[in-house]
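Dear colleague,

I am passing on a structure that you have not worked with before, and below it I set out what was found. Please read the notes with the structure open beside them.

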Amino acid sequence: MDTAGSRGARARRGTRPAAPRNRGVEKGSEKGAARSPSRVHVAGESPSGAATPRAPQTDGPPGRGSRPARRAPAAQELPASGAEALPAPRSRAPAARAPAAPRSVAAVPDGAVAAPARRLPPAADALRLREVLSRLSLAREDVSEAATLVNLVVLHLVQAIRSKDSCFSSIERRSAGSYYEQVKISEPNEFDIMLVMPVARIQLDEADDTGAFYYVSFKRNPKEKGWLKFLEEDGKLSAFKMLQALRDIIKQEVKNIKDVEVTVARKKVGCPAITLQIKNPPSEISVDIILTLEAQQSWPLSTQGGLKIEQWLGTKVRRDMRFRSLYLVAKQNKNEKVLRGNTWRLSFSHIEKDMIKNHGNSKTCCESDGPKCCRKRCLKLLKYLLEQLKMKYPKELEKFCSYHVKTAFLHSCVMWPNDSDWHLGDLDHCFQQCLGFFVDCLQKSQLTHFFIPQYNLLSLEDKAKHHFLSRKICQELNNGFPVFHENYSAP
Ligand SMILES: [Zn+2]
């Protein structure tokens with residue numbers, strides 16, 4: 001039903017979930033009925049944890065010093081259209097935790113003006129959010145079926161890649177992205193797979209002032225002489241050349257995969273990004289291969305003041321995380337106008353995944369015998385809200401991706417570090433608090449990269465777009481999130 005070959009075809013694809021494999025008809029139809037209204041596709045967004053921040057060359061001067069302070073999020077002017085204001089954050093005092101407690105203005109640390117107006121009583125809001133979440137978790141079952149198929153194909157390809165080119169002999173598949181963080185919510189047919197290449201003794205040179213993009217060269221010539229073919233004249237390691245070689249191998253190898261029909265999407269001019277298409281009637285699964293370098297060396301200077309998790313996860317956890325490998329990805333930035341065939345972007349998806357999984361201030365948070373929090377639920381709702389809004393306003397919200405909300409979420413975790421700030425029963429309030437913070441960032445056009453404090457993910461020249469999204473979020477917030485219950489078919 002869909003033979004389109006480009007990644008752009010994702011958006012036009014049918015909204016039906018992949019055909020259930022080995023699933024009982026009865027069970028399947030039951031679930032289908034429950035989940036169908038929420039099925040959506042988001043054009044041009046990667047579901048990955050390694051989602052692509054916007055092109056750095058469009059960013060204004062680094063927003064140093066404007067890192068989100070530890071303060072209430074709702075303290076900003078509302079857009080003109082927002083007759084109602086954001087709910088005020090509640091006091092951090094545990095005593096104020098009951099969901100129905102009135103939002104206290106006095107509790108706002110910096111004296112932000114609180115707004116009382118809300119359409120539904122909190123209990124009703126929470127009920128509706130829980131219903132949305134349970135719909136999303138039903139949808140996850142489709143994702144895991146698709147994931148099984150993806151895993152089979154990737155396993156086959158990795159073995160072939162290793163044997164065909166000695167440079168790639170130690171390439172490894174690494175799980176990354178929202179599926180593996182267990183917060184994948186829609187897009188059951190889209191995956192990002194990291195193929196990781198260990199590299200030794202690399203030199204990093206900043207490619208711009210974001211602190212996120214680097215040129216990579218070897219400090220000493222690698223033992224494996226085959227690597228020379230991936231170097232440019234000035235010694236820089238070319239992501240472009242590596243991807244091209246990988247792409248050629250994969251294109252040959254997909255022909256040898258039996259039982260499953262796999263094709264490599266046609267490449268865009270000058271861009272060797274690799275997208276696999278796996279037939280899974282009646283739909284198609286799309287897999288982006290992300291070539292990643294892994295270096296056992298210290299993180300660059302630009303990361304020094306980032307990852308401010310001391311209060312939240314502790315200084316030891318932070319130290320341990322910063323001792324972990326450095327990852328650099330060759331993923332093409334979708335918003336890039338100029339091709340950067342020789343630059344690599346720092347990736348922290350492995351750390352993000354760990355933080356989202358082990359997110360408690362106390363070690364036992366959300367473990368079977370520990371207290372439950374709503375952090376992951378908040379992240380899911382944030383991502384779903386952006387996805388739905390992107391479906392509704394694809395053109396206006398084109399530049400936003402799940403990495404923006406994930407980043408805002410991580411900052412929220414830092415701002416409210418205690419498990420008691422995220423009590424499960426306070427889901428609606430916590431979600432609104434996260435959103436309030438995100439709206440604040442949008443209105444200031446300042447969202448600091450979580451690991452690289454000098455890197456602003458919201459460039460000032462897109463101010464109008466940031467304001468547009470903040471207005472839409474405020475409208476949702478003030479009207480009980482109608483967009484969660486709207487059904488979009490792809491444009
Ligand atoms: Zn928890």
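M194 stands opposite I290 in strand β7, where strands (E, at least two residues) and helices (H or I, at least four residues) are DSSP runs, numbered from the N terminus. Please bear in mind that this is a predicted model, in which local features need pLDDT of at least 70 and side-chain atom pairs count only at pLDDT 80 or more, while totals for chains, interfaces and linings use all residues. Residues are numbered from 1 along each chain as its sequence is written.

M194 is also the bridge partner, in β2, of R174. Ten bridges join β2 to β7 (residues 283–295), and these two strands run parallel, whereas β1 (residues 172–174) is joined to β2 by three bridges and runs antiparallel to it; two strands pair if DSSP finds at least two bridges between them. Strand β2 (residues 190–199) is mostly covered, with seven of its ten residues buried, that is, with 20 or more other C-beta atoms within 10 Å of their own, the C-beta atoms being placed from the backbone.

Turning to the helices, α6 (residues 375–392) and α7 (residues 402–415) pack at an angle of about 150 degrees, with their axes 9 Å apart; the axes are lines fitted to C-alpha atoms over the stretch in contact, and angles run from 0 to 180 degrees between N-to-C directions. The two helices, α6 and α7, are therefore roughly antiparallel to each other, a term for angles over 145 degrees.

With kind regards

How values were computed:
Parallel < 35°, antiparallel > 145°, perpendicular 65-115°, else oblique. Buried ≥ 20, exposed ≤ 12 C-beta atoms within 10 Å, placed from the backbone.
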